[in-house]
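Hi everyone, thanks for coming. Have a look at the screen, and let's walk through this one together.

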Amino acid sequence: MKHHPRLVCILLSLASFLPVHAQVVIQLAGIQHAAQCKYATVPLLDILNTYAKFPPGWRIVVACSDIAWQILRRHADAIDTNHAFTNMNGHVTVINGAIFLSPEVGRPPQRILAHELGHIRCSCDDERKAEKYALSLEKK
Ligand SMILES: [Zn+2]
């Protein structure tokens, strides 16, 4: 069977983004080539593998451009955040790639990810609980 070249290409580029705990899927938005988002994906994979371990089957979308972030945020009606948001029912967390371009946003990326994971762990919208979880990871 002949493979469709474009499909193979897509599969290859996805494969390069499978973290060590391979069940979390990372998708990149707002760029043409995965390499353009390396500033975000390299530190992101490190955090996901060592610090904030998201549950299997979870999807993480990285907005690799400001336009992509604005569109995703508006779609989700999450205009009150400039860092990240989580859709519990959709099992998806959307991250603004700009958080990795320090010190622009100010809040460390690992805390932002741990905070979102806190929402997932408590299965709630409670900001205090999510933040408490994030801070508890930092004390370890
Ligand atoms: Zn929150």
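Does helix 4 pass helix 5 in a left-handed or a right-handed crossing? The crossing is right-handed. By the way, a crossing is left-handed if the near helix is turned anticlockwise from the far one by less than a right angle, and right-handed if clockwise.

Before going on, some housekeeping. Residues are numbered from 1 along each chain as its sequence is written. What you see is a predicted model, where local features need pLDDT of at least 70, side-chain atom pairs count only at pLDDT 80 or more, and totals for chains, interfaces and linings use all residues.

Okay, the overall layout. The protein has five helices and four strands. Those words come from DSSP runs: helices are H or I with at least four residues, strands are E with at least two, and both are numbered from the N terminus. Reading from the N terminus, you get α-β-α-β-α-β-β-α-α.

How much of the protein is buried? Buried residues are 29% of its 140 residues. Buried here says that 20 or more other C-beta atoms lie within 10 Å of the residue's own; exposed is 12 or fewer, partly exposed is in between, and the C-beta atoms are placed from the backbone.

Contacts next. Two residues are in contact if their C-beta atoms, placed from the backbone, lie within 7 Å. Among contacts between residues at least 6 apart in sequence, 59% join residues at least 24 apart.

Back to our helix pair. Two packed helices are described by the angle between their axes and the distance between the axes. Helix 4 covers residues 109-122 and helix 5 covers residues 127-139; they pack at about 125°, with their axes 7 Å apart. That makes helix 4 oblique to helix 5. The naming goes like this: under 35 degrees is roughly parallel, over 145 roughly antiparallel, 65 to 115 roughly perpendicular, and the rest oblique. The axes are lines fitted to C-alpha atoms, for helices over the stretch in contact, and angles run from 0 to 180 degrees between N-to-C directions.

Which residues meet there? On the helix 4 side they include Ala114, His115, Leu117 and Gly118, and on the helix 5 side they include Ala130, Tyr133, Ala134 and Leu137. The residues of this contact split into seven nonpolar, three polar and four charged. For that count, Ala, Val, Leu, Ile, Met, Phe, Trp, Tyr, Cys and Pro are nonpolar, Asp, Glu, Lys and Arg are charged, and the others, Gly among them, are polar.

Isoleucine 112 sits in helix 4, and it is buried because 22 other C-beta atoms lie within 10 Å. Setting aside residues up to four places away in sequence, isoleucine 112 touches His83, Ala84, Ile99 and Arg107. Arginine 128 is in helix 5, and with 10 C-beta neighbours inside 10 Å, arginine 128 counts as exposed.

Now the largest nonpolar core, which has 28 residues. A nonpolar core is a set of buried Ala, Val, Leu, Ile, Met, Phe, Trp, Tyr and Cys residues joined through C-beta atoms within 7 Å. Ala52, Phe54, Ile60, Val62, Ala63, Cys64 and Ile95 touch the most other members. Strand 1 (25-29), helix 2 (38-50), strand 2 (59-63), helix 3 (66-76), strand 4 (92-96), helix 4 and helix 5 each supply at least two residues of this core.

Let's zoom in on cysteine 64. Leaving aside neighbours within four places in sequence, its contacts include Leu28, Gly30, Cys37 and Gly97. Glycine 30 itself lies in the loop between strand 1 and helix 2. With 19 other C-beta atoms within 10 Å, glycine 30 is partly exposed.

Over in helix 2 we find leucine 44, which is buried, with 25 other C-beta atoms within 10 Å. Leucine 44 and valine 62 are 18 residues apart in sequence, and their C-alpha atoms are 9.3 Å apart.

Last stop, backbone angles. Most residues other than glycine have a negative phi. Histidine 91 has a positive phi of about 55° and is not a glycine. Histidine 91 lies in the loop between strand 3 (84-87) and strand 4, and is partly exposed, with 14 C-beta neighbours inside 10 Å. Serine 123 also has a positive phi, near 55°. Serine 123 is in the loop between helix 4 and helix 5, and with 9 C-beta neighbours inside 10 Å, serine 123 counts as exposed.
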